[in-house]
Amino acid sequence: MSVYSKYADHILLNLLKEDDQLAYTEIFERYSRILVNHAYKLLGRHDEANDVVQEVFLSLWNKRYELAVTGSLSSYLYKAVKNRILNHIAHEKVVSRYADSISNFIENEYVFADSKLREKELEAIIAKEIALLPEKMREVFLLRKVEELSYDEISNQLNITDKTAKQQVYNSVKILREKLKTALNVFIW
Amino acid sequence: MNESEILALLQKYQEGTLSNEDKDKLEAWYLHKASNSNRQLSEYELEDSYEHLKSKLPLAQKAKVVSLWPRVAVAASVALLLGSGIFYFTKSEVKEEEKIQVVEKPKDIAPGGNKGILTLSNGKQIVLSDVSAKDIIAKEGEEDEVTIKMDANGVITYVINPNADSSKENANSFNTLSTPTGGQYNIVLADGTKVFLNAVSSIKYPTQFNGDERTVELEGEAYFEVAKDKSKPFIVKSDNQKIQVLGTHFNVHAYNNEAIIKTTLLEGSVAVAFRNQTAILKPGQQSNITENSTKITVKEVDTEAAIAWTNGRFKFDNADLKSVMKQLERWYGIKVEYRGDVSDVRFNGGTFRNKNLSEVLKVLELSNIKFKVEGKTIIVYP
């Protein structure tokens, strides 16, 4: 339904809350692939990534009337995937796959940050993952996101003191910018 | 940290009993892992996931359509009068012995209403139900020459600032009004032309009409009352069809999931152009074009049926089942499935668009057809 493909994410969300199945379908069209890819980055198993994303979309539909989304649709979906994955890892049989990685990180690299910073980090990851999608999918995905194009603003809006984190976000945004410049000259920022 | 400590941490995360710092540790790890992972599924694998998920989720799917055979010649023979006489329906083929049967009392599905989304020239999208009446919605043009307002009835109006320098030839900036499922919306363009936009439709138009033509692009269905301006023809483009008018009332039905583009003229005169053909319509006539044909066919129709939706009504004039069900899909957000051969069913008559779906189906069932409601899927069978 091409009318829906032109709606910005927040419009789709608005319609979804009113039980609009076409809006739900459009959200799926936009985000299913990139979320599976994201889940795969963490899980390393294709079928597990599918299962996680399936649960996220099922619960999006089941909870459509009482959705409380404060930020963007994309960060809502990514957080939902994050919660599912952390829950999945909390199973005894799965945790061994990750225990070393987690303890290594906490003991050697972890620096405390507030939730605002984590939010920004997540936004940067989303931007980067879009930039790294296979070209055809990225184009469709981005062209549809009408109102959320200002990823390059992320760096300006950052109110971050931690240098490492700032650098990390900056790098992601830089990669994104370069990718987009070469691949999407149709784009007007 | 050993494995069991980490497991304990994760389980507390699940329960929501972690301290902020411990919670942040896990989330920071997750983000770190995500941004440093080089794993990437191939395009092929992602497509595979997409298809897999599609089969598992409650998505809106294209209706399974039993092909509708060439119409069986229909003689409307019996009109069933119902209630006040507002509803009347005819059967395509009357079989005396068949009793009208309501198979199941369908669960009520509420009708649509005034819902629209306005896209400004800068790409910003506004949900119009969130705007209160009499508000200025936005200004367009380099020097704010155009003001977009909502009047007391919720109609969107484009007002050109009388002090604006009209001698300047501004590049047109475009707005788009669109409607979701179960939405319709009215708008007055900068030249005074009134447009009624039906559900799941969109119209793109300049915020002011410079130049020597007034061109708009339509997808879906709209009724136009074009303001007279003989020096500037008004042009409606939909797919391959182009309609040119001077000042008339007409309805364009051009959904890209329906085979036929229908243009119905109520007043004045319009020229319908399609490929190399042009047809001039007279009031009361409707032109039909299809993708597979190069011809424009013109016939006399009940114009009231074509524009009933602008008056809050459904009205059918020997309408085929598929086109009726498409209207209901767009207005009630339902999905229709066909079981068995229902190709010869034709509808005449009407009802109101503010009724719940069950009431509309009850009326349609008088036409020798049955419906079964399963959630938001309506199964149609003979």
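I count two residues as in contact if their C-beta atoms, placed from the backbone, lie within 7 Å.

**Ground rules.** I am reading a predicted model, where local features need pLDDT of at least 70, side-chain atom pairs count only at pLDDT 80 or more, and totals for chains, interfaces and linings use all residues. Residues are numbered from 1 along each chain as its sequence is written, and chains are lettered from A and ligands numbered from 1 in the order in which they are written.

**Entry: where A meets B.** I looked up the contacts between the two chains. On the chain A side I find 64 residues, and they touch 53 residues of chain B. Which element of chain A gives the most to that side? It is H3(A), with 14 residues. I then sorted the chain A side by residue type: 34 are nonpolar, 17 polar and 13 charged. Here Ala, Val, Leu, Ile, Met, Phe, Trp, Tyr, Cys and Pro count as nonpolar, Asp, Glu, Lys and Arg as charged, and the others, Gly among them, as polar.

**Entry: chain A overall.** I find eleven helices and zero strands in chain A. Both are DSSP runs numbered from the N terminus: helices are H or I with at least four residues, strands are E with at least two. Of the 189 residues in chain A, 43% are buried. Buried means that 20 or more other C-beta atoms lie within 10 Å of the residue's own; exposed means 12 or fewer, and partly exposed is in between, with C-beta atoms placed from the backbone. I also checked the contacts in chain A with a separation of 6 or more: 68% of them join residues 24 or more positions apart.

**Entry: helix H3 of chain A.** This helix covers residues 21–43. I see a kink of about 45°, centred on A:Tyr31. The bend at a residue is the angle between axes fitted to the seven residues ending there and the seven starting there. H3(A) is largely enclosed by the rest of the structure, because 22 of its 23 residues are buried. Just after the helix, A:Gly44 has a positive phi of about 70°.

**Entry: two loops in chain B.** I looked up two residues with positive phi. B:Asp239 is not a glycine, yet its phi is about 50°. It sits in the loop between strand S14 (234–238) and strand S15 (241–245). Is B:Asp239 buried or partly exposed? It counts as partly exposed, because it has 15 C-beta neighbours inside 10 Å.

B:Asn368 is not a glycine either, and its positive phi is about 65°. I place B:Asn368 in the loop between helix H6 (357–364) and strand S25 (370–374). B:Asn368 is buried, with 20 other C-beta atoms within 10 Å.
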